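Please look at the fold shown here with its strands and helices in view. The explanation leads from sheet to strand pairing and then to helix packing.

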Amino acid sequence: MTDLDDILSGSSEKQFREKRMVAGASVAAAIFLTGAKLVVGFLTGSLGILAEAAHSGLDLAAALITLFAVRVSGRPADESHLYGHGKVENLSALVESLLLLAACACIIYEAMHRLFFKTVEVNPSLWAFLVMGMSIAIDFSRSRSLSRVAKKYQSQALEADALHFRTDLWSSAVVIIGLALVKAGEYRSADKAFFEHADAIAALMVAVIVIYAGVRLSLRAVDALLDRASKGLVDRLLRKVKDIPGILHVSRIRVRNVGNQLFVDLIVEVPRHFSFQESHQLAQRAQEAVHSISPNADVVVHTNPIAESETILEIIQAVAARECVLIHNVTTHRTERGIWIDLDLEVDPGLSFEGAHRQATDLEAKLHAELISVGAPAAIAIAGINAHIEPRPEESAVGIPLEPAEANSYIRRVNEISLELKLAGACHDIELHQISGKIYLSLHLLVGAGVPIGEVHSIAEQMESRLRREFPELGRVVIHTEPQKSKSVPG
């Protein structure tokens, strides 16, 4: 395990420990509030308090479900749950919302009976006000703690629990107002019947508040279970990924939330002449683009090579890469008959001439077919394709140093030739080795910094041509040109 894995593992453990602690505290708070409201509700006969007791009882059930969900969702992915167990939190949120709605139906039924069919005496004692006030204080504290942790770890289960306690807070305030009106009715005998109904009306208001919260919560839980993406998220991801140079199109994007984990699958289209490494780098940049919007996202990017607005050289490179052959020195020139393509094809040194020729012929045929099917730029006809066959160089040829006197003779003459060339300067880092009976020569040639690259290449070719005429025994010649900035080169 790497240091990064250790850090992530420690962060994950801290997350689940904090979530379990806040969920456990909510269970304890719900137990206390449910018991206190039931006792005072039965003693006073207040439907509002009993409704609140039922609400708190459901909060207790919801808190227990949340605690269970938080424990299960922390388990890592396994062979049966490849995306992990985060959906348990979404499922628990849906169950909690259904429990809320069921309780509301009972509260509304009893309230309507008290308003229209039967009279129940309500005794708004001091204990009733104390219990409801204490409920508000506890609900406020639990709601804040749950909301903080839910937002920190994007936990829908804890967010649902916070919503429960938040609705408890407002509904408790409504019950206190109802009890206060009932108490006021004791001093206004003329309007006593109206004030006695205030408790039932308060219970109805509690039910409405809970229904509203429950419907919102259930819709969000269903959206999560059905993998509905957050509004605007896909558009933001698409814009970010499409802005990456080299990515031609985003052909597919899929997003799903599993608990607090976002999973993103992308298929991006890239130029087919790109190497595997270049395509992989684009995939990495696409991942980084997604992480800039959602840092904790699990991102999978598949690159799909396509042919779009390719030059002839790019088409040739793409075909060579597809056929797994090595080519270099690709040149083209146009004539009245069309365009001619010449290239060097590297083959296995152990391959027979017949086999090498067959490989070259096959490559030429596939290049011709590809250029015809894709369509060469500017509708130029293909006059001919010539593949020059050469053996692939050995990877570990042995180089033997030259004798000092012989090497110095070469070095002196190389420097003289370089100084004879227009726009070129002195040479340095001249290396000479004998490889397989030939002389290997590499050197660094200084050229004026302001010279165009085309002329620089021509100077290097002139240098190599002069060297080969003077030293026929040369094999491989490598000339590394570099700009000379400190002083002007000889003219």
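Predicted model: local features only at pLDDT ≥ 70, side-chain atom pairs only at ≥ 80, totals over all residues.

Residues are numbered from 1 along each chain as its sequence is written, and side-chain values use heavy atoms, with hydrogens and water left out.

An open sheet of 3 strands runs in the order E4-E5-E6 with mixed pairing, where strands (E, at least two residues) and helices (H or I, at least four residues) are DSSP runs numbered from the N terminus, and two strands pair if DSSP finds at least two bridges between them. Its edges are E4 (326–335) and E6 (382–391), each of which pairs on one side only. On average, neighbouring strands of this sheet are turned by 15 degrees against each other, direction ignored; here axes are lines fitted to C-alpha atoms, for helices over the stretch in contact, and angles run from 0 to 180 degrees between N-to-C directions. E4 and E5 (residues 338–347) run antiparallel and are joined by 8 bridges, with Thr331 standing opposite Asp342 in E5. Helix H10 (residues 312–323) packs on this sheet, touching both E4 and E5, and its direction makes about 145 degrees with that of E4.

E9 is joined to the antiparallel strand E8 (residues 424–435) by 8 bridges, and Glu431 has Ser442 in E9 as its bridge partner. The hairpin of E8 and E9 has 2 residues between the strands, and in it Ser436 takes a positive phi near 55 degrees. With E10 (residues 474–484), by contrast, E9 runs parallel, through 9 bridges, and Leu441 stands opposite Val477 in E10.

Helices H12 (residues 404–420) and H13 (residues 453–470) have axes that come within 10 Å and cross at roughly 140 degrees. The two are therefore oblique to each other, a class left for angles that are not under 35 degrees (roughly parallel), over 145 (roughly antiparallel) or 65 to 115 (roughly perpendicular). Their contact (heavy atoms within 4.5 Å) is made by Arg413, Val414, Ile417, Ser418 and Glu420 of H12 together with Met463, Arg466, Leu467 and Glu470 of H13.
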